[in-house]
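Please check each one against the structure as you go.

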Amino acid sequence: DSSLLVEVPAAASSSGTAFAISPDGVWLTARHVVDGCDEVGMVISPGMAVKARKVEMASYSDLAALITDGAPHPLALKFDEELRKGQAVFHVGYPQGRPGEAASRLMGRERLVARGRYQTEEPVLAWAEVGRTRGLSGTLAGMSGGPALDANGNVIGVTIAEQPRRGRIFTSDPSNLARFLKQIEAEGIVQG
């Protein structure tokens, strides 16, 4: 696998995207969005916010779970499907603080090497961007932590990085997503 080096800056206020995976209040996001934060909150609709009462982070991947007292509309997970080069995926979230999406096609696997505030090396999926929400230009910052959805609307990964000049988007590897879900299930955070 080729490698992608990401510098994780010092902890500071940040924003990203999270999505519910359980009506009991389990949300997924990217670890770098919440790592180092004293408090984590989510705006779940205009004028309505909720505070995470617990945050679980994977030590081996850029994944985190946020625990609240409930969640609307959990998304279906399907990280065990066989992926094919050229397969389409849709990245949704809040790039630049506004709702938006990017469409991409699977290129293959790479190795993400994170250095800085925390250090990890993990397999990731590399996607070539092929389109965006009308009017969305520039960085996709703020989309980190959002779901990567297949053509049927199933979550197959979590968006964790971008290379804007090369038109690349990176998502969690399905094996790390499965591992993290087993971890939080074993800890009694989410029911299998």
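1. In strand β13, Ile-169 is the bridge partner of Trp-127, and Thr-171 of β13 stands opposite Thr-159. Strands here are DSSP runs (E, at least two residues) and helices are runs of H or I with at least four residues, both numbered from the N terminus.

2. Please keep in mind that this is a predicted model, in which local features need pLDDT of at least 70 and side-chain atom pairs count only at pLDDT 80 or more, while totals for chains, interfaces and linings use all residues. Residues are numbered from 1 along each chain as its sequence is written, and side-chain values use heavy atoms, with hydrogens and water left out.

3. Strand β13 (residues 168-172) pairs in the antiparallel sense with strand β10 (residues 120-132) over five bridges, and four bridges join β13 to strand β12 (residues 155-163), again antiparallel; strands count as paired if DSSP finds at least two bridges between them. β12 and β13 form a hairpin with four residues between them, and Gly-167 in the turn has a positive phi of about 70°. Five of the five residues of β13 are buried (buried means under 20% relative accessible area, exposed over 50%, partly exposed in between, with a 1.4 Å probe and protein chains only).

4. The largest nonpolar core has 38 residues, of which Leu-28, Leu-66, Leu-112, Val-158, Phe-180 and Ile-184 touch the most other members. Apart from it lies another core of eleven residues, including Trp-127 and Leu-125. A nonpolar core is a set of buried Ala, Val, Leu, Ile, Met, Phe, Trp, Tyr and Cys residues joined through side-chain atoms within 4.5 Å.

5. Which residues does Glu-121 meet in salt bridges? Its side chain meets that of Arg-111 at 3.8 Å, N to O, and it also forms a salt bridge with Arg-115, where the closest N and O atoms are 2.9 Å apart. A salt bridge is a side-chain nitrogen of Lys or Arg within 4 Å of a carboxyl oxygen of Asp or Glu, and the structure holds nine of them. Arg-111 lies in strand β9 (residues 100-116) and Glu-121 in strand β10, so the pair ties together parts that are ten residues apart in sequence. Glu-121 is partly exposed, with a relative accessible area of 42%, as is Arg-115 at 25%.

6. Elsewhere, Arg-31, Asp-35 and Arg-117 are linked in a network of salt bridges.
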